[in-house]
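I opened my notebook for a first walk through this structure. Below are the things I looked up, in the order I came to them.

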Amino acid sequence: MEGAVVLLDFWPSMFGMRTRIALAEKGIKYEYREEDLRNKSDLLLQMNPVHKKIPVLIHNGKPVCESLIQVQYIDEVWNDRAPLLPSDPYKRAIARFWADFVDKKIYDLGSKVWKTKGEEQETAKKEFIESLKLLEGELGDKAYFGGENLGFVDVALIPFYSWFYAYEKCGNFSIEAECPKLIAWAKRCMQKESVAKSLPDKEKVYEFVLHLKKVYGIE
Amino acid sequence: MYITPVKQEDLANNMAEEVKLFKTWSTPFGLRVVWALKLKGIEYESIDEDLSNKSALLLQYNPVYKKVPVLVHNGKPVSESLVILEYIDETWNQNPLLPEDPFERARQRFWAKFNEEKLLPTIMAIFTKEGKDREEAMAAWVENLKFVEEELKGKKFFGSEKIGLADLVFGWMANLIGIFEEVTGLKIVDERYPLLLAWMQEFYEHPVIKDTWPPHDKMIIKWQALYENYHPAK
């Protein structure tokens, strides 16, 4: 179980944030290494030759790639505390389904919201809100998707909250107005130290998005 | 022996279970679930859907995507093939699809994801596109296959000695590559990938897998028709 843990990451990455939260929830000490994605380190290229992407979790010198796979790995290795997946197979399947839904929908739709304009942006906003509403439905009256405590879906989704401000500014809309329950859930998550420590400041993210827009030549 | 015998108490448990699988006759995603159930010796009822006229039950069991496959176990639905495979593995412990070691589990999941996010979109692009777009898809495909070939070094299956999760996810290649090659006239997996070709053969002929393939001529007709949709005769 013990052994050096290194995380190759990039501060605004929602995917990196997931792994940071999981490590924090389990109280695991690790070395955080910031990557410059325009100048990737040899270590990154060596540890993730297939995708050459962050985050990469390196445990005892061996790499685990893909954020949700890392979260499951962390849950399985450090299985004596703060479980992220429930023990019941059916409940686990539901958690995996919704984490996968977040992966399939939220990143791409969110990206479209800040990258596009006009009708394309309106469609993206509409579908983005629809997806969040489906997630709200799944949350129901629970404090967290994981029930009483943070679970797999909470960890999968909460990083996007740090990007909501940027989406709202770029898309000129209010996510809270459409999905108040989800925002209440997000604020609840932010009360947790593991989450608060792992998410960047929303203004910094917005600045970063504006910088990206310049780089991509998006108005 | 390719599989260990199913214990009597597991059989008794199966009798009390109700397992239904919603799929179509041809879907490779549904076939993965068939394989998992067969490998574990689980009895189930198969419901083949007509996707142009989806049943009310399917829409009720999978309201989010309205797709197949859906596994319904004692009335409770599970959707998305990878989620279903892990559910099956965790519910019925015989012939595990995933190893015990967390690092090796992560490895299987990584390659399963690689198949879904890299191989499948690329093969569909090769099938559906023309000209420069197809060339680009082919180039991406070749790059992807190099990684797959590398992963198979020293292993009989992706799961090592026996079929595992990643093998079931890659399994579509064992019959669909041949069908695509026949329909498109393209060589899609060539002799540069001897390990992959050997794996495809091994998987295709595996005693648990070999009788599950949908009828070849029916598949050719289906994929030929689809191909013509994307490449209408001028």
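I began with Ser160(B), which I found in the loop between α6 (131-151) and α7 (165-170) of chain B; helices here are DSSP runs of H or I with at least four residues, strands are runs of E with at least two, and both are numbered from the N terminus. Phi of Ser160(B) is near 90 degrees, a positive value in a residue other than glycine. Ser160(B) is partly exposed, with a relative accessible area of 32% (buried means under 20%, exposed over 50%, partly exposed in between, with a 1.4 Å probe and protein chains only).

A note on the ground rules: this is a predicted model, in which local features need pLDDT of at least 70 and side-chain atom pairs count only at pLDDT 80 or more, while totals for chains, interfaces and linings use all residues. Residues are numbered from 1 along each chain as its sequence is written, chains are lettered from A and ligands numbered from 1 in the order in which they are written, and side-chain values use heavy atoms, with hydrogens and water left out.

I noted another positive phi, about 55 degrees, at Lys66(B), which is not a glycine. Lys66(B) sits in the loop between α3 and β3 of chain B and is partly exposed at 39% relative accessible area. Pro55(A) lies in the loop between α2 (42-47) and β3 (56-59) of chain A.

**Where the chains meet**

How many residues of chain B are in contact with chain A? I read off 24, and they touch 27 residues of chain A; contact means heavy atoms within 4.5 Å. The area buried between the two chains is about 2,300 Å², and carbon and sulfur atoms give 69% of that (buried area is the accessible area, with a 1.4 Å probe, that two parts lose on being put together, summed over both). On the chain B side, Tyr65(B), Phe103(B) and Phe110(B) lose the most area to chain A, together 25% of what that side buries.

I then looked for charges across the interface of chain B and chain A, and the rule finds seven salt bridges there; each is a side-chain nitrogen of Lys or Arg within 4 Å of a carboxyl oxygen of Asp or Glu. One that I looked up joins Glu86(B) to Arg96(A), with the closest N and O atoms 3.2 Å apart. β4 (76-79), α4 (81-91) and α5 (102-128) of chain B each supply at least two residues of the side that touches chain A. α5(B) gives the most to that side, with 11 residues.

Searching the whole structure, I got 35 salt bridges over all chains. Glu76(A) and Arg109(B) meet in one of them, at 3.1 Å from N to O. That pair crosses between chains, from helix α3 (residues 67-77) of chain A to helix α5 of chain B. Are Glu76(A) and Arg109(B) buried or exposed? Both are buried.

Glu150(B) and Lys153(B) also meet in a salt bridge, 3.0 Å from N to O. Glu150(B) is partly exposed at 49% relative accessible area, while Lys153(B) counts as exposed at 52%. I also traced a network, joined by salt bridges that share partners, of Glu76(A), Arg92(A), Arg96(A), Glu86(B), Glu90(B), Arg105(B) and Arg109(B).

**Rings**

My last stop was the aromatic pairs, and the structure holds 34 of them over all chains. Rings of Phe, Tyr and Trp (its six-membered ring) pair if their centres lie within 6.5 Å; planes under 30 degrees apart count as stacked, over 60 as edge-to-face and the rest as tilted. Phe97(A) and Trp98(A) have ring centres 5.2 Å apart and planes at 85 degrees, so I wrote them down as edge-to-face. Phe97(A) and Trp98(A) are both buried. Tyr204(B) and Trp213(B) have ring centres 5.2 Å apart and planes at 10 degrees, so that pair is stacked.
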